[in-house]
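Have the viewer open while you read.

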Amino acid sequence: MISLKNVILRRSAKVLLDGANATINPGERVGLVGRNGAGKSTLFALFNRTLHEDGGDFFLPKQWRMAQVAQDMPETEEGATDFVVGGDTRLVELREALAKVEAAYTEHPDDADLGMALAHAYTDLADAGEHDAAPRAQALILGLGFKTHELDAPVNSFSGGWRMRLQLARALMCPSDLLLLDEPTNHLDLDALVWLEAWLQKYEGTMIVISHDREFLDAVTNVTLHVANAQLTRYGGNYSKFEEMRALQMEQQQAAFGKQQEKIAHLQKFIDRFKAKASKAKQAQSRVKALERMEKVAPLLAEADFTFEFKEPGNIPNPMLSITHASFGYMVDDAPKTILTNVSKSVQAGQRIGILGANGQGKSTLVKTIAREMGALAGTVTEGKGLNIGYFAQQELDVLRPQDTPLEHMVRMAREMGAAAKEPTGEQNLRSFLGSFNFNGDMVKQPVGTMSGGEKARLVLAMMVWQRPNLLLLDEPTNHLDLATREALAMALNEFEGTLMLVSHDRALLRSVCDEFWMVGRGGVTDFDGDLDDYQRYLLEEAKRLREEAKEAVRKAAEPAPKPAAAAPKPAAEAPAAGRDVRKQDAQSRQLRTDQAKPLKRELGQIDERLAAAGRDKSTIEARLAKSLPAAEIAEAGKRLKALNEEIETLEERWLALSGQLETLAA
């Protein structure tokens, strides 16, 4: 087990843990929670042995194998499958050991000790799962949202977010007794997130995870370790259970009772309002459950030191906008690339729409078009009079000016809005406004480039609130927000009087603020008649279907290729005006192609026969290796199997080349 006894941890002069005690038992799944800056990442550094305790006793079994997601961006031309297989450190070590023994055995084939070593090397490699390493890696890659044709694409051909998914797959590929995951959901969309949950629920080792996604924590953890006030407090149960127990503790302590009651009343106001609107629809009932949870943990929310609210919109047109027979997409080399077609939807005042769909299906394209970032390729998007859009884009943090301060961002925005500004624009007013978003004192003059992702996200939210929008378009707004700020965002969105359209992989946020869902996929936009539980079941079924298709494709690829049928004679063309000479030239051309094809077909037939024989030999040797054999026989069988695999690979490459030549001749 892992134990901490009176542990002291420092970062520079700051004491993050002071006499902390905790125990983590083998097989437990631990959620590590606490405010930003409380010391979660520093504690992770202690767990992965990159940092040592400054005092007290820390114990982690030395024999435990550890896996964690590398935080660096991989830069390699290696194929995706090979890159992920490389995460199996045990397999890599055994492959290297086998190569060394094979080289020595080749030089000294009569050395009995080397023969025994070679036998052991083959056995160890088989026990480590060499035979199915690639399929295991590909199952991880496909589960995390990649397409079948991308399995062997170079790692460098993917964008940063997808390369980080490959780093996650590489960590999951590694056999481990302790799995450390620091914000594993940051680069995932909802379908990949649901798959990851299912995978982690089957993980048999000890797991410690940092995440700001409450539903993810609920699904994969059974213990919660809370970092606060330089101490560690262990709670039995997942994050929701932790919230309830801690809220009960706070009620018993009656800490800051007056302030809590004020915030609880504030929270109760919109709980009552939205309960009154709830019907028997699945989405509404799901929302009621989320609001009931907020009732239970209201004291915990009241402890949060950051809340905000959207101002009441000046006017709310109805409908907000209308989309008629529209096609959405973007331009590639001056040519339109259509993603969504024949979209006809309207957005009414007060609607709260969650936008669902797998990665790459067009969610962001839809939102960007509504946000006026790009135009529709066809059809019309008609806006209501006085529509005022507040848009939070996935890349919004990247377009903030790193060298500018929060105050300079606000001053510039106020100047650009000019007479349209609905808020006072004096510097002191802007300072006070930023203070309500926890940009206090000198922080208003701190360059944005030096701030954390969460602080940048708060600045974007502040700028959006100041504009007093009547339609909020939010595309993954929680990526850089901690749990407390996510709760503050949920509260603010529930009180928002305008219309909301939300893309998010944070299911707790979707449940608590959305009343209906649109599904973006298969080239269109449709209503999703169900709640998030129905959508998760749909995603798991889709993932299962894709895995089965991938397995079938791999199985077919492994089968000996059938002999290509002889090309059927083409019907004779009608004689052109030129008559006999043209027919003679055609006949000569056909005869020439036939003569050229004969040796290719003959070689192709020979390769088919050899592939079939090699396949039978391979099956026989694999069956022998599964039995108990003398060391010398195992070594010899292993060498023969390796030679057969190399021969089969060479034959298959030649078969493909010959087939291509025959197709060219037949064309």
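Predicted model: local features only at pLDDT ≥ 70, side-chain atom pairs only at ≥ 80, totals over all residues.

Residues are numbered from 1 along each chain as its sequence is written, and side-chain values use heavy atoms, with hydrogens and water left out.

**Helix packing**

Helices (H or I, at least four residues) and strands (E, at least two) are DSSP runs, counted from the N terminus. Axes are lines fitted to C-alpha atoms, for helices over the stretch in contact, and angles between N-to-C directions run from 0 to 180 degrees.

| Helix pair | Angle | Axis separation |
|---|---|---|
| Helix 16 (residues 427-435) and helix 17 (residues 453-466) | about 125° | 10 Å |
| Helix 15 (residues 406-417) and helix 17 | about 25° | 11 Å |

Angles under 35 degrees count as roughly parallel, over 145 as roughly antiparallel, 65 to 115 as roughly perpendicular, and the rest as oblique. Helix 15 is therefore roughly parallel to helix 17, while helix 16 and helix 17 are oblique to each other.

Who touches whom? Taking contact as heavy atoms within 4.5 Å, helix 15 brings Pro406, His409, Met410, Met413, Ala414 and Met417 up against Leu459, Met463 and Trp466 of helix 17. On the helix 16 side, Leu430, Phe433 and Leu434 meet Leu459, Ala462, Val465 and Trp466 of helix 17. By class, that contact of helix 16 with helix 17 has seven nonpolar, no polar and no charged residues (Ala, Val, Leu, Ile, Met, Phe, Trp, Tyr, Cys and Pro count as nonpolar, Asp, Glu, Lys and Arg as charged, and the others, Gly among them, as polar).

**Sheet and hairpin**

Two strands pair if DSSP finds at least two bridges between them. Six strands make an open sheet of mixed pairing, in the order 14-15-16-12-17-18. Strand 14 (389-392) and strand 18 (524-527) are the edges, each pairing on one side only. From one strand to the next, the twist averages 20°. Within this order, strand 12 (residues 352-356) runs parallel to strand 17 (residues 516-521), joined by four bridges, and Gly354 has Phe517 as its bridge partner.

Strand 8 (residues 223-228) pairs antiparallel with strand 9 (residues 231-236) over six bridges, with His226 opposite Thr233. The two form a hairpin with two residues between them, and Asn229 in the turn has a positive phi of about 55°.
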